[in-house]
Amino acid sequence: MATGRTHRPATRSRGIPEATVARLPLYLRALTALSERSVPTVSSEELAAAAGVNSAKLRKDFSYLGSYGTRGVGYDVEYLVYQISRELGLTQDWPVVIVGIGNLGAALANYGGFASRGFRVAALIDADPAMAGKPVAGIPVQHTDDLEKIIKDNGVSIGVIATPAGAAQQVCDRLVAAGVTSILNFAPTVLSVPDGVDVRKVDLSIELQILAFHEQRKAGEETAAGDGALPAATTREESADQGPDGDVPAVMPA
């Protein structure tokens, strides 16, 4: 079976915009649900609603894949599942290592969605000697001393970092030096990587803070509507727009 080491996705070479790439997993999730219900075809409007986008944007995104649907019939569900899976590189085997097997790392190791989406957890790695050999999700944890050998032996190009913030950059540097070119970072810190290495950051606390901002704004609008004091609502919203660093961090794509 092909591995992630030798086969890269074709999205960039085909000129698909990053915003479209970010929406492809949303379409795939909705299409997979339809496939599981044995739905043969779907209209752009139905699929767009299921994915949470507008139908014009969906049709534009699919045009990059060369898929235009059939008037009066819609899109073939199974073929679209294949097309998007192929474009995302999910028709290949992608060995993944998870570094940092605390509560979060263990939860990721136990997540059943990886295998069904083309990702194989090849190894679990932790710096705690007491963890070495301990099975998590049926996989024995290995010590960080063996990180480079593990990467090489398993042909790994995707690494997941679930360590404390203080250890994340050192782990990242070792992963990159060992040949990892894509990193999913759960550590609450910004990683510095060389050109050619892709990093996706998942920070649940930031997402909650953004939701808190929106809740505060809604509460302010409701108060203003009840009091009939429009200027006060405007002032509150303006102050809420400014975070501790002068702006509100952008929401990471799903």
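**View 1. Helices α7 and α8 pack together in this predicted model.** Helix α7 (residues 147-154) and helix α8 (residues 165-178) meet at an angle of about 40 degrees, with their axes 9 Å apart. Axes are lines fitted to C-alpha atoms, for helices over the stretch in contact, and angles run from 0 to 180 degrees between N-to-C directions. Helices are DSSP runs of H or I with at least four residues, numbered from the N terminus. The pair is therefore oblique; angles under 35 degrees are roughly parallel, over 145 roughly antiparallel, 65 to 115 roughly perpendicular, and the rest oblique.

Residues are numbered from 1 along each chain as its sequence is written. Local features need pLDDT of at least 70, side-chain atom pairs count only at pLDDT 80 or more, totals for chains, interfaces and linings use all residues, and side-chain values use heavy atoms, leaving out hydrogens and water.

**View 2. Six residues are listed below for the contact of α7 with α8.** Leu147, Glu148 and Ile151 of α7 touch Arg174, Leu175 and Ala178 of α8 (contact: heavy atoms within 4.5 Å).

**View 3. The largest nonpolar core has 24 residues.** Such a core is a set of buried Ala, Val, Leu, Ile, Met, Phe, Trp, Tyr and Cys residues joined through side-chain atoms within 4.5 Å. Buried means under 20% relative accessible area (1.4 Å probe, protein chains only). Tyr27, Leu31, Leu47, Leu58, Phe62 and Ile84 have the most contacts inside this core. Helix α1 gives the largest share, eight residues.

**View 4. Phe62 has contacts beyond its sequence neighbours.** Leaving aside neighbours within four places in sequence, Phe62 touches Tyr27, Leu47, Ser67, Tyr75, Leu80 and Ile84.

Definitions and conventions:
Helix = DSSP H or I, 4+ residues; strand = E, 2+ residues; numbered from the N terminus. Buried < 20%, exposed > 50% of the residue type's maximum accessible area, 1.4 Å probe, protein only.
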